[in-house]
Amino acid sequence: MLETNGIPPLLTNQLCEELLCQQYWYQGKLVQEVDVLLLKVNGRWHQLYFDEGIVFWRLQQQAPVAVEQQAGDPFAYPLIDLGDKFAIKGGVIIDCITEPLVEGARVSLVFEDKGSLIITHSENRTRLQFNRL
């Protein structure tokens, strides 16, 4: 059964102003491809993240800032600009589909004339895939 915590933003027919992904690295190895997805629509930032199969949506009051890594710190949380990487910044989101998986959940953002960004969470790992049209 799909469980959502928080209120999902209304994304259908909205312009994607920004789309960032915070990753989680430990000792130089990628642990979570998507620790938090950060999406800006209508001038507001929204966070999407997962924990044990639960989909979390949060409104973020300010623009995200990359976590500064201290010398010797084994943890890193870089911000990746997915909007630029997949050429979807400024694109129109025509659908946001959330669906349950056997041991997790999937959220797909469908962009008009661009493709779909699919965030899959299963076995406590979150992965990202972009399917171009």
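1. Confidence first: pLDDT is the predictor's confidence in each residue, on a scale from 0 to 100. The protein chain has a mean pLDDT of 95, and 100% of its residues reach 70 or more. Confidence is lowest in strand β7 (residues 75-76), with a mean of 94, and highest in strand β2 (residues 14-15), at 98. Helices (H or I, at least four residues) and strands (E, at least two) are DSSP runs, numbered from the N terminus.

2. A word on ground rules. This is a predicted model, where local features need pLDDT of at least 70 and side-chain atom pairs count only at pLDDT 80 or more, while totals for chains, interfaces and linings use all residues. Residues are numbered from 1 along each chain as its sequence is written, and side-chain values use heavy atoms, with hydrogens and water left out.

3. Have a look at H46, which sits in strand β5 (residues 44-51). Is H46 buried or exposed? H46 counts as buried because its relative accessibility is 11%; the cut-offs are under 20% relative accessible area for buried, over 50% for exposed, and partly exposed in between (1.4 Å probe, protein chains only). Setting aside neighbours within four places in sequence, H46 is in contact (heavy atoms within 4.5 Å) with P9, L37, L38, L39, V41, W57, R58 and L59.

4. Q61 is in the loop between β6 (54-60) and β7, and at 70% relative accessibility Q61 counts as exposed.

5. Now the charges. Side chains of opposite charge can pair when their charged atoms come close. The structure holds 2 salt bridges, each being a side-chain nitrogen of Lys or Arg within 4 Å of a carboxyl oxygen of Asp or Glu. One of them joins K89 to E18, with the closest N and O atoms 3.4 Å apart. K89 lies in the loop between α1 (82-85) and β9 (92-101) and E18 in strand β3 (residues 18-26), so this pair ties together parts that are 71 residues apart in sequence. K89 is partly exposed, at 39% relative accessibility, and E18 is also partly exposed, at 21%.

6. E99 and R106 form a salt bridge as well, and here the closest N and O atoms are 3.6 Å apart. E99 is partly exposed, with a relative accessible area of 29%; R106 is partly exposed too, at 24%.

7. On to the rings. Rings of Phe, Tyr and Trp (its six-membered ring) pair if their centres lie within 6.5 Å; planes under 30 degrees apart are stacked, over 60 edge-to-face, and the rest tilted. By this rule there are 5 aromatic pairs. In one of them, the ring centres of Y24 and F75 are 6.2 Å apart and the planes are at 20 degrees, so the pair is stacked. Y24 is in strand β3 and F75 in strand β7, so the pair ties together parts that are 51 residues apart in sequence. Y24 counts as buried at 18% relative accessibility, whereas F75 is partly exposed at 32%.

8. Y24 has another partner. The rings of Y24 and Y77 are stacked, because their centres are 5.3 Å apart and their planes are at 20 degrees. This pair links distant parts of the chain, Y24 in strand β3 and Y77 in the loop between β7 and β8 (79-81), 53 residues apart. Y77 is partly exposed, at 26% relative accessibility. Y24, Y26, F75 and Y77 form one aromatic cluster.
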